[in-house]
Amino acid sequence: MSPAEVDPESGCRLPLIRREELDTDGQKAFDFYTSGTMRGLHGPAGIWLQSPKLAELYRPLGTYLRSGAGLSEPVREVCILATAREFNNAFEWAAHEPEALRVGVPPEVIQSIRLRMPSDELKAPFGTVVELIREAFTAGSVSAATYDAAVSLLGVRLLIDLMSLAGMYASTAALLNVFDMQLDPGETHLLPSLD
């Protein structure tokens, strides 16, 4: 297989790693990712396991940022969707749109993020989160007004955690892009072009 070809089992440019190829710590990470994550090894976990120490380190950080930081589930998922959108990552989007709906993000908020509609049209707290993500990743700087709104909404500690969550998903989007992660069979690319 050429490095540019997609492996049919993994759905990306890398073959799936086998549990028996890993040391004891790597096997613990493998067991975690195959039993407790949204997509199992089809997605970032299958890539991270190629670097077992990284896979091991991602577990507690990801768990903390997703469920231990104190972010509400809807705010967490809007952050992830906004990040996926800014990086035009269809895989992250497809994984998190159903989760966002499940935790109560209104469909009109999801559609607004998908179409990159003005964030000031989104009800609180979603507009602030979306604008913060857009400015941080696409504009490359955050205005004083957006910063003040984010601090007012979240406080400094949760703002740090929110942006760390966004950074983790931005890193994951880049990883998925490099290894050309494909959507699951039957999934449709739901993001219009950013052009």
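Author: Contact here means heavy atoms within 4.5 Å. This is a predicted model, where local features need pLDDT of at least 70, side-chain atom pairs count only at pLDDT 80 or more, and totals for chains, interfaces and linings use all residues. Residues are numbered from 1 along each chain as its sequence is written, and side-chain values use heavy atoms, leaving out hydrogens and water.

Reader: Which residue caps the N-terminal end of H4?
Author: Look for a polar contact, a donor and acceptor pair of N or O atoms within 3.5 Å, where sequence neighbours count only through two side-chain atoms. The backbone nitrogen of valine 75 has a side-chain oxygen 3.2 Å away, and that oxygen belongs to serine 72.

Reader: Which residue with a positive phi follows H4?
Author: H4 reaches 20 Å from its first C-alpha to its last, close to the 20 Å expected at 1.5 Å a residue. After H4 comes a residue with phi near 50°, asparagine 88.

Reader: Why does the end-to-end distance of H5 agree with its residue count?
Author: The expected span is 1.5 Å times one less than the number of residues. H5 (residues 90-102) has 13 residues, so it should span 18 Å, and this agrees with its end C-alpha atoms being apart by 19 Å.

Reader: How many residues of H5 are buried?
Author: H5 is mostly covered, and its buried residues include Phe91, Trp93 and His96. The cover includes helix H2 (44-48), H4, helix H6 (107-115) and helix H8 (144-178). Out of 13 residues in H5, the buried count is ten.

Reader: Which residue's side-chain oxygen reaches the backbone nitrogen of phenylalanine 91?
Author: This pair sits at the start of H5, with the oxygen to within 3.2 Å of that nitrogen. The side chain belongs to asparagine 89.

Definitions and conventions. Helices (H or I, at least four residues) and strands (E, at least two) are DSSP runs, numbered from the N terminus. Buried means under 20% relative accessible area, exposed over 50%, partly exposed in between (1.4 Å probe, protein chains only).
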